[in-house]
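Dear colleague,

The structure is pasted below for you to take over. My notes on it follow.

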Amino acid sequence: MTYQTQVAIIGAGPAGLSAALEVAKQGGKVMVFDENDRAGGQLFKQIHKFFGSGHHGAGVRGIRLGQQLLEQCIQSGVEICLSTVVFGIFPGNELGIVKDGRSHTVKADKILIAAGAGEKPLAFPGWDLPGVMGAGAAQTMVNINRVRPGNRILTIGSGNVGLVVSYQLLQAGASVAGIVEGLPKINGYAVHANKLMRQGVPVYLSHTVIEARGDGQVEEAVIAEVGPGFVPIEGTEQTLSVDTICLAVGLTPSVELPRMAELAMVHLPKMGGYIPLHDSHMRSSNPDIYVAGDVAGIEEASTAMEEGKLAGVSMAEALGLVSAQRARELAGEIEERIGELRIGSHGDARRMAKEEIVRGYEAWLAKQK
Amino acid sequence: MACKTEIKEKKRGPLAVIECTEDIPCNPCTTCCAQKAITFEGSINSLPKLDEDKCTGCGICVARCPGMAIFVVDREYSETECLVSFPHEFLPMPQAGEEIVASDRQGKPVCAGTVHRVVRPESFDGTAVVTIKIPKEYADQVRGIRTERGV
Amino acid sequence: MRVEKHPVLGDLPEAKLVTITVDGRRIQAREGEVIAAALSAAGIRAFRKTPIHHKPRGLFCAIGRCTDCAMTVDGVPNVRTCVTRVREGMEIETQDGLGKWGEGK
């Protein structure tokens, strides 16, 4: 059958739900689609307290923010279609969806792609052994499925994902043999690293993983120090007895649907890969398609929620649900909050990358005229 | 009239020690403090500053800091002992009176100590503020206890 | 390997147990959990064998994207066990290569 809605949102994670709530607040009809059988995206595995300030939910655990957001969406009449795969996006603002093995069509005035991201792999001898997994996978296992993926963990990558997941594996009763980082410094927040170090977890800076070994599953990992160009230095190898290797080497935006929609893209390695160009209010090169969250460049859940709200306001305005003046006010408040999250030694690079995306959009737009 | 005590008495009792080292956007330490003892100059990216005169060492900020980077140290708890409070989110939860090995910022064992107090109200949402009693010379070194776990 | 107690999430709630069969071996699972969780809790880490070299593969993304955890479930190959929930009496087989319809049934 064919469904009709004002706004169709792909992805019921922090960006998608936040956008849905904004549109619903302005009286718009919203349908949110998610392939998972539970809403919340990756928020429900974020059991740590978030940074930011009060209006970002600082000091509150991600899991609680997820519960609040979901409740607000339900109260506001947002329709969330779970276990529903959006397999295609077609001209005329049509989505192809599959639910319970049957395909349907959704016609929408505006579409938001908030499909999130996937973890990047890292190839090395033995990386295909059972026990080598994404750090996010390990996090899902302990915090959602309540099963330890292993008992003795080595984490590759000291970005916030690697640090936070390692800490949460400790909380779940595993031991962490170390964090391996290619750079000569910790990549994520020092406070996250300090929490691990206080538990005696060693951080191997300027190191890389050489090999995973084991009979049918990971039994040990070989790491080595790296010199210039990340080349391993011979003779510095050491073998660690671990049963699990968590790869925290970055995320890449899930841009299958933006590609299918032929959105103009830019390749920005520091934001995870190919990103759909978008204006400062999250509208892509197709005026009926918006993007928000990790699909619009890898950041944190707090920024994903703000970007979702921005896209929501932007879509509500385009649909005539809210006046241009009110939309400007609302967007201004959101942009101020986003601005607060994109400053400082970690945030500056993300802000500059986001500006590059918007500049790319403007250049693309100028060429169309 | 001779004035004997012109020198301002050094503040005694528990005081927050903020070990926040990076300009990350975060401010719960300032908003949770009832005494308004923690402030920023400029944006929420600046490093927090503690007004030692206002701080009562209550430890709310220890539980609230998302980076778990605030401690409370009472250097002069007794002639020979100090108290160090730190956030703790591991099981089993330490119990008051329990003998522990106190560890430093790298998790290295420093000295023996005793759990003085464990505060873990529902509002802390799982984070406990654990206070341990240790020899006073380790006040600047000890920042927690390790939870040995796994295999 | 189950996380029975957790400082933030609390105690693992009680759940009804169901019995599933993995390569003929009966294991207990918590009703409503994903197959990959039940297998991991039972210490099973190899879920399938690669098509060419027949090397074991296990859980990799745990959110239904990478398909490394694909197994044959009730005779249907290529089921993503990290996002498929257990049911009483489910029959699960390690999948070799792309699998065959009807195996394990």
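Helix α1 (residues 14-25) of chain A packs against α7(A) at an angle of about 35°, with the axes 7 Å apart; axes are lines fitted to C-alpha atoms over the stretch in contact, and angles run from 0 to 180 degrees between N-to-C directions. Helices here are DSSP runs of H or I with at least four residues, and strands are runs of E with at least two, numbered from the N terminus. Among the contacting residues are A:Leu17 and A:Leu21 of α1(A) and A:Met305, A:Gly308 and A:Gly312 of α7(A), where contact means C-beta atoms, placed from the backbone, within 7 Å. The residues of this contact divide into 14 nonpolar, four polar and three charged (Ala, Val, Leu, Ile, Met, Phe, Trp, Tyr, Cys and Pro count as nonpolar, Asp, Glu, Lys and Arg as charged, and the others, Gly among them, as polar).

This is a predicted model, in which local features need pLDDT of at least 70 and side-chain atom pairs pLDDT 80 or more, while totals for chains, interfaces and linings use all residues. Residues are numbered from 1 along each chain as its sequence is written, and chains are lettered from A and ligands numbered from 1 in the order in which they are written.

Helix α7 of chain A covers residues 301-318 and spans 25 Å from its first C-alpha to its last, close to the expected 26 Å (1.5 Å times one less than its number of residues). Of its 18 residues, 17 are buried (20 or more other C-beta atoms within 10 Å of the residue's own, with C-beta atoms placed from the backbone). Just after α7(A), A:Gly320 has a positive phi of about 75°.

Among the residues in contact are A:Gln139 and A:Val142 of α3(A) and A:Val165 and A:Leu169 of α4(A). By class, this contact has six nonpolar, five polar and no charged residues.

Between chains, 27 residues of chain C meet 26 residues of chain A. The largest share of the chain C side, three residues, comes from α1(C). That side has 17 nonpolar, four polar and six charged residues.

Regards

How values were computed: A residue is buried if 20 or more other C-beta atoms lie within 10 Å of its own, exposed if 12 or fewer, and partly exposed in between; C-beta atoms are placed from the backbone. Two residues are in contact if their C-beta atoms, placed from the backbone, lie within 7 Å.
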